[in-house]
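Dear colleague,

My notes on what was found in it follow directly after.

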Amino acid sequence: MSGSSQIYRSSTTAPVNIAVIKYWGKRDTALNLPTNSSLSLTLSQKSLRAHTTASCSESFTSPDSLILNGEKEDIQSSKRTQACLKNLRSLREKLEAKDGSLPKLSKLTLRLVSANNFPTAAGLASSAAGFAALVRAIADLYELPQSPEELSIIARQGSGSACRSLMGGFVAWRAGTKEDGSDSLAEEVAPVSHWPEMRALVLVVSAEKKGVSSTAGMQTTVETSTLARARFSEIVPRRMKEIEKAIHEKDFETFARITMQDSNSFHAICLDSWPPIHYMNDVSRAAMNAVETANRKAGKLICAYTFDAGPNAVIYYLEEHTHQAAGVFKSILPRIPGWEGEFGEMIRPNEFGSLEQK
Ligand code: ADP
Ligand code: DP6
Ligand code: CO
């Protein structure tokens, strides 16, 4: 193909990540800078992933567009998507300025098509996988040399949690202190191979879109919760150190305790917000009880629950305790409406994964 009809294209998939130390609060809403550091595990793409194709061509009429799960998204009015596109284009422009023989892709209209193979906006980190895939697909299309850490600064501006999905294994998002956000980025704490026995089970309690988006919910919390201040300034910084040590030492009991405490602390500041925000429901609470019972029976912590901004449960455990972890889920399945159909199917063990190019 030649001339104006040529279409440049790149596709990628990106995994979700589920935090054990939660990000919930922005100190700068324009740049998406967090009130605290956070830490997550990147899940296998075999189960949950976003798939994104980025194309550009002289034959595409402006403006840039995104089709998400078959429907047109209004990205023109999304400042955060625009920030990602602007940053990526400007990196491409620099390459084009250095090497005059490169096609001027930075000038062309972008068409993005993305699909998630799991519920969108239901508290299963679709914004994390989605913006990681969007940034990676365009970075590949533009042949950008930037490292995952550098790209994480861009993905963060799309959705905070997305910065952590650009890496596999155990990933920290360092809150940073600079006003321009140049030190607010993701960093690998340990690779998958460090603790390959780690597993996650995802229980889809509800695939419905959450009532309060993460962006809106955390803003309410920052503005109204008095409990949140201690969480930002003391509790999370201490837990970050403790959980990183537990990960390095492969100390599952400490890892499990902090994971459950931090999930509870996050939901506590949601409840302490005004108006209060409720993400968990009776099935979520049954899942917590079942985990606590399994741990009591074992006489030690063998599994840990965590809940994002939605009722869906994620359980972390070590492979040797697969049987007990599966038992937790079986005990609460009958409480999920329609579990024999779609929801039962959604329960899948996850191995770790990292970003793969498809
Ligand atoms: P979740 O808990 O699923 O992360 P959020 O409220 O944080 O829910 O974010 C949901 C929003 O993220 C969607 O409404 C959409 O704007 C964006 N999003 C989700 N998936 C993708 C994707 N694959 N590509 C681009 N944006 C996405
Ligand atoms: C509860 O990253 O979705 O999952 O930056 O506004 O897009 P925005 O929020 P988002 O919030 C995620 C919140 C969380 C905790 C976490 O992933 O750390
Ligand atoms: Co999100």
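**Surroundings of ligand 1**

In this predicted model, 18 residues lie around ligand 1, and those that come nearest are Ser-114, Asn-116, Ser-126, Ser-127 and Lys-210. Oxygen atoms of this ligand take part in several polar contacts with side chains. A polar side-chain atom of Ser-126 is placed 2.6 Å from an oxygen atom of ligand 1. For Lys-210, the distance from a side-chain N or O atom to an oxygen atom of the ligand is 2.7 Å, and for Ser-214 the corresponding distance is 3.4 Å. On its own, ligand 1 has 580 Å² of accessible area, of which the protein covers 85%.

Ligand 1 sits in the largest pocket. Two or more residues of its shell are given by each of β7 (65–68), β9 (109–116) and α2 (126–141). The largest share, 3 residues, comes from α2. Divided by class, the shell around ligand 1 holds 9 polar, 7 nonpolar and 2 charged residues.

**Surroundings of ligand 2**

Ligand 2 is likewise surrounded by 18 residues, the closest being Tyr-23, Lys-26, Arg-80, Ser-159 and Ser-161. Ser-161 has a side-chain N or O atom 2.6 Å from an oxygen atom of ligand 2.

Helix α4 (residues 214–224) gives the most to its shell, with 3 residues. The shell around ligand 2 is made up of 7 polar, 6 nonpolar and 5 charged residues.

**Two further residues**

Is Thr-13 buried or exposed? Thr-13, which lies in strand β1 (residues 7–15), has a relative accessible area of 1% and is therefore buried, the cut-off for that class being under 20%. Its side chain makes a polar contact of 2.5 Å with the side chain of Gln-45.

Ser-147 is located in the loop between α2 and α3 (148–158). Its relative accessibility is 24%, so Ser-147 counts as partly exposed. Between the C-alpha atoms of Ser-147 and Leu-166 the distance in space is 9.7 Å, while the two residues are 19 apart in sequence.

With kind regards

Notes: Residues are numbered from 1 along each chain as its sequence is written. Chains are lettered from A and ligands numbered from 1 in the order in which they are written. This is a predicted model: local features need pLDDT of at least 70, side-chain atom pairs count only at pLDDT 80 or more; totals for chains, interfaces and linings use all residues. Side-chain values use heavy atoms; hydrogens and water are left out. A residue is near a molecule or strand if one of its heavy atoms lies within 4 Å of it. A polar contact is a pair of N or O atoms within 3.5 Å; within protein, one must be able to donate a hydrogen and the other to accept it, and residues adjacent in sequence count only if both atoms are side-chain atoms. Accessible areas come from the Shrake-Rupley method with a 1.4 Å probe; for residues, only the protein chains shown count as cover. On a 1 Å grid over the protein atoms alone, a cavity is a set of points where a 1.4 Å probe fits but cannot get out, and a pocket is an open set with protein on both sides within 12 Å along at least five of seven lines; lining residues have an atom within 4 Å of a point. A molecule sits in a cavity or pocket if more than half of its atoms lie within 2 Å of its grid points. Helices (H or I, at least four residues) and strands (E, at least two) are DSSP runs, numbered from the N terminus. Ala, Val, Leu, Ile, Met, Phe, Trp, Tyr, Cys and Pro count as nonpolar, Asp, Glu, Lys and Arg as charged, and the others, Gly among them, as polar. Buried means under 20% relative accessible area, exposed over 50%, partly exposed in between (1.4 Å probe, protein chains only).
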